[in-house]
Amino acid sequence: MNYEIKGTPLPVVIMNVEAGETIKTDKGAMSWMSPNMQMATNGGGSIGKAFGRLFSGEAMFQNTYTAMGGPGLLACASSFPGEILPFRIEPDKPIIAQKSAFLASEAGVDVSVHFQKKGMAGFFGGEGFILQKFTGSGFVFLEIDGAVVEYDLAPGQSLVIDTGNLAIMEASVAVDVQTVKGVGNVLLGGEGLFNTVVTGPGKVWLQTIPKNVLAGAIGPYIVSK
């Protein structure tokens with residue numbers, strides 16, 4: 001499989017696959033494809049895996065597309081203004097991502113639920129107690145809200161992040177939360193009560209405009225009839 005990512009601010013990943021090769025996608029992610037791509041909808045394994053995807057923010061069932069009788073083409077577009085990032089998953093290098101990040105992957109990549117080890121980080125760290133974990137082998141394509149900024153944290157190096165801006169991280173990165181100090185800062189600063197703290201070693205990918213922030217910004221200008 002080879003691919004190209006085109007377009008901004010609503011990008012699309014165009015995947016050119018070999019005969020017999022299968023691509024897994026999120027529900028409704030297919031934008032266009034060659035006629036020989038055969039679609040199938042399934043739970044992607046056991047019932048436990050299906051429910052795990054449901055808890056992690058994905059659809060319970062996945063769509064698979066297989067190139068029949070020759071090479072094929074499959075394109076999946078982003079559902080929100082932002083970026084599509086490709087990651088090469090290896091057995092010893094899983095990736096952790098925010099809920100609903102998954103767009104498409106090669107058949108060898110597994111999507112499962114990931115629980116934060118620290119309860120406080122889970123409930124107040126920005127994306128809830130449950131995240132997505134990508135394991136196995138192959139390429140996975142993940143959606144980022146807005147633009148992306150990448151940091152490579154050294155062992156022990158930390159970064160304080162506003163809620164919702166942490167999009168993706170390597171599994172070696174530790175996540176915790178810290179309380180915003182000062183009653184005035186909490187009540188008047190507009191930053192909420194908690195911030196997310198990530199500590200290396202490992203890479204983190206931050207997003208500049210989480211969906212909920214954009215929705216809050218444009219909400220007052222939307223007049224319902």
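Reader: Let's start with one residue. Is D145 buried or exposed?

Author: D145 is buried, with a relative accessible area of 3%. Keep in mind that this is a predicted model. To read a value like that, you check it against a cut-off: buried means under 20% relative accessible area, exposed means over 50%, and partly exposed is in between. At 3%, D145 counts as buried because the value falls under 20%.

Reader: Okay, and which side chain does D145 meet in a salt bridge?

Author: The general idea goes like this: side chains of opposite charge can pair when their charged atoms come close. Here, D145 pairs with K211 in a salt bridge, at 3.0 Å from N to O. K211 itself is partly exposed, with a relative accessible area of 36%.

Reader: How many salt bridges are there?

Author: The count comes to four salt bridges. One of them joins the side chains of K24 and D110, at 4.0 Å from N to O. That pair links distant parts of the chain: K24 is in strand β3 (residues 22–25), D110 is in strand β11 (residues 109–115), and they are 86 residues apart.

Reader: Which residue does R88 meet in a salt bridge?

Author: That would be E106, with 3.7 Å from N to O. R88 belongs to strand β8 (residues 82–89) and E106 to strand β10 (residues 102–106), so this pair ties together parts 18 residues apart in sequence. R88 counts as partly exposed at 45% relative accessibility, while E106 counts as buried at 14%.

Reader: Now zoom out for me. How many helices and strands does the protein chain have?

Author: You can look for four helices and 19 strands. Buried residues make up 42% of the 225 residues in the protein chain.

Reader: What share of the contacts joins residues at least 24 apart?

Author: Take the contacts between residues at least 6 apart in sequence: 78% of those join residues at least 24 apart.

Reader: Last one: what does the accessible surface come to?

Author: For the protein chain, about 11,300 Å², and 60% of that belongs to carbon and sulfur atoms.

Methods. Residues are numbered from 1 along each chain as its sequence is written. This is a predicted model: local features need pLDDT of at least 70, side-chain atom pairs count only at pLDDT 80 or more; totals for chains, interfaces and linings use all residues. Side-chain values use heavy atoms; hydrogens and water are left out. Helices (H or I, at least four residues) and strands (E, at least two) are DSSP runs, numbered from the N terminus. Buried means under 20% relative accessible area, exposed over 50%, partly exposed in between (1.4 Å probe, protein chains only). Contact means heavy atoms within 4.5 Å. Accessible areas come from the Shrake-Rupley method with a 1.4 Å probe; for residues, only the protein chains shown count as cover.
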